[in-house]
Amino acid sequence: MSTRQGRIWVGIDAGKGHHWAVAVDADGETVFSTKVINDEAQILTLIDTARERAGDVRWAVDISGRASTLLLALLVAHGQQVVYVPGRTVNRMSGAYRGEGKTDAKDARVIADQARMRRDFAPLDTPPELVTTLRVLTNYRADLIADRVRLINRLRDLLVGICPALERAFDYSAAKGPVVMLTDYQTPAALRRIGVKRLTTWLERRKVRGAADVAAKAVEAAQSQQIALPGEKRAAKLVCDLAHQLLALDERIKDNDREIHETFRADDRAKIIESMPGMGPILGAEFVAIVGDLSGYRDAGRLASHAGLAPVARDSGRRTGNYHRPKRYNRRLRRIFYMAAQTAMMRPGPSRDYYLKKRSEGLLHTQALLSLARRRIDVLWAMLRDRRLFTSAPPVTQAA
């Protein structure tokens with residue numbers, strides 16, 4: 001019969017199909033090591049086993065995404081303390097342990113040992129339903145946008161093999177009219193046959209804006225090329241198929257955006273976030289999906305650090321005051337503040353004034369934008385803390 005420990009740390013190398021769990025005691029000795037299928041019954045058995053081995057169980061995982069959702073939900077539901085050990089930490093620390101091999105069991109052992117020795121790992125909890133829904137919707141939107149970019153790149157590549165002038169004539173990523181035209185007319189010969197007048201009428205029936213301009217540009221491009229290129233017929237069919245896929249994908253993106261708007265505005269912080277110039281419902285939803293209720297951040301500086309907008313010191317010997325951009329930060333969170341700052345900078349107001357001030361101090365455009373983004377984090381933090389909307393001037397305090 002095994003001796004019951006006072007406290008153990010259980011490290012879990014999480015995966016989609018199965019997890020590997022290793023428990024260590026206060027001396028770093030292995031208590032148990034086991035493979036656990038990503039299934040409710042087996043995870044509950046693991047929790048019971050850990051409780052039998054020690055009066056106090058601390059858990060650590062290396063993935064906080066979809067693969068560990070069931071695991072985290074069961075641990076939190078049973079009152080267990082869970083911390084997040086970043087995969088980068090596990091990768092770096094694995095070299096300090098004996099042996100060059102890499103296995104799930106070794107990674108789980110490293111996770112448990114790091115949780116035993118360090119106290120600065122972020123605790124994990126199950127997020128509210130609204131935050132979880134926004135994460136699903138915003139991640140899905142990112143996938144749809146990536147699919148859209150791939151479709152446009154394929155379409156343009158095929159068009160170059162049909163008529164380079166037609167490929168150059170339009171920005172297919174920004175205008176719907178040219179894509180609608182490509183569902184029926186893809187070759188120079190077809191465009192020359194229909195002519196500007198009939199093509200304009202055809203586009204107008206499909207409610208294309210600026211139908212006359214689209215038709216004129218398309219026919220002009222077609223008239224500049226009289227030769228039919230090899231493989232044109234097959235390429236035209238593929239372009240037609242891609243154009244239909246692109247239009248259908250745009251509708252899916254619109255539906256997804258509509259759902260994001262409705263879900264985000266159900267949050268009581270939505271009005272505050274949207275009141276800040278540059279923070280629309282999409283960026284606001286992504287912000288809430290990443291940061292949750294902000295309980296994981298001690299102050300605005302921690303939030304800026306997570307977004308990669310707080311410089312990191314690199315001093316050594318006589319070299320002091322040497323700062324550089326951090327390498328470990330959330331790329332999506334940084335993009336949110338960067339895009340919001342770029343939008344706000346283009347309109348008159350305090351954001352543009354601050355940007356111009358930084359430019360006058362000799363900063364480059366990107367540097368000035370990052371400086372503005374860092375400043376706006378402090379403003380947004382104060383707005384959410386005080387539950388007040390954005391105003392161009394600071395609030396007036398009443399004299400006592």
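Which residues in helix 5 and in helix 12 meet each other?

**Ground rules**

I noted that this is a predicted model, in which local features need pLDDT of at least 70 and side-chain atom pairs count only at pLDDT 80 or more, while totals for chains, interfaces and linings use all residues. I also noted that residues are numbered from 1 along each chain as its sequence is written, and that side-chain values use heavy atoms, with hydrogens and water left out.

**Entry 1: helix 5 and helix 12**

On the helix 5 side I found Val 131, Leu 134, Arg 135, Thr 138 and Arg 141, which meet Ile 282, Ala 285, Glu 286, Val 288, Ala 289 and Ile 290 of helix 12; contact here means heavy atoms within 4.5 Å. Helix 5 covers residues 129-160 and helix 12 covers residues 281-291, and I read a packing angle of about 125° with the axes 8 Å apart. The axes are lines fitted to C-alpha atoms, for helices over the stretch in contact, and the angles run from 0 to 180 degrees between N-to-C directions. Helix 5 and helix 12 are therefore oblique to each other, given that angles under 35 degrees count as roughly parallel, over 145 as roughly antiparallel, 65 to 115 as roughly perpendicular and the rest as oblique. I wrote down the crossing of this pair as left-handed, a term used if the near helix is turned anticlockwise from the far one by less than a right angle, with right-handed for clockwise.

**Entry 2: helix 10 and the surroundings of helix 12**

I then turned to helix 10 (residues 232-264), which packs with helix 12 at an angle of about 65°, their axes being 9 Å apart. In this contact Asp 257, Ile 260, His 261 and Phe 264 come from helix 10, while Pro 281, Ile 282, Gly 284, Ala 285 and Val 288 come from helix 12. This crossing is left-handed.

Is helix 12 largely enclosed or largely open? I found that 11 of the 11 residues of helix 12 are buried, so this helix is largely enclosed by the rest of the structure; buried means under 20% relative accessible area, exposed over 50%, and partly exposed in between, with a 1.4 Å probe and protein chains only. The buried residues of helix 12 pack against helix 5, helix 10, helix 11 (270-275), helix 13 (300-306), helix 14 (331-345) and helix 16 (365-386).

**Entry 3: after helix 12**

Following helix 12 I came to Gly 292, whose phi is positive, near 65°. In the loop between helix 12 and helix 13 I found Leu 294, which has a positive phi of about 70° although it is not a glycine. Leu 294 counts as buried, at 12% relative accessibility.

**Entry 4: Lys 207 and helix 9**

Lys 207 is likewise not a glycine, yet its phi is positive, at about 60°. I located Lys 207 in the loop between helix 8 and helix 9, and at 75% relative accessibility it counts as exposed.

In helix 9 I listed the buried residues as Ala 211, Val 214, Ala 215, Ala 218, Val 219, Ala 221 and Ala 222. They cover an arc of only 160° around the axis, which puts them on the same side of helix 9; the arc is that of the directions from the helix axis to the C-beta atoms. The face turned away from this buried side carries the exposed residues Asp 213 and Glu 220. I found that the buried residues of helix 9 pack against helix 6 (164-169), helix 7 (177-182) and helix 8 (188-205).

**Entry 5: two single residues**

Asp 107 is found in helix 4 (residues 104-117), where it is buried with a relative accessible area of 6%. Leaving aside its neighbours within four places in sequence, I found Asp 107 in contact with Asp 13, Val 90, Ser 94 and Lys 102.

Gly 308 lies in the loop between helix 13 and strand 7 (312-313) and is buried, with a relative accessible area of 5%. With neighbours within four places in sequence left aside, I listed Arg 325, Pro 326, Tyr 329 and Arg 334 as its contacts.

Methods: Helices (H or I, at least four residues) and strands (E, at least two) are DSSP runs, numbered from the N terminus.
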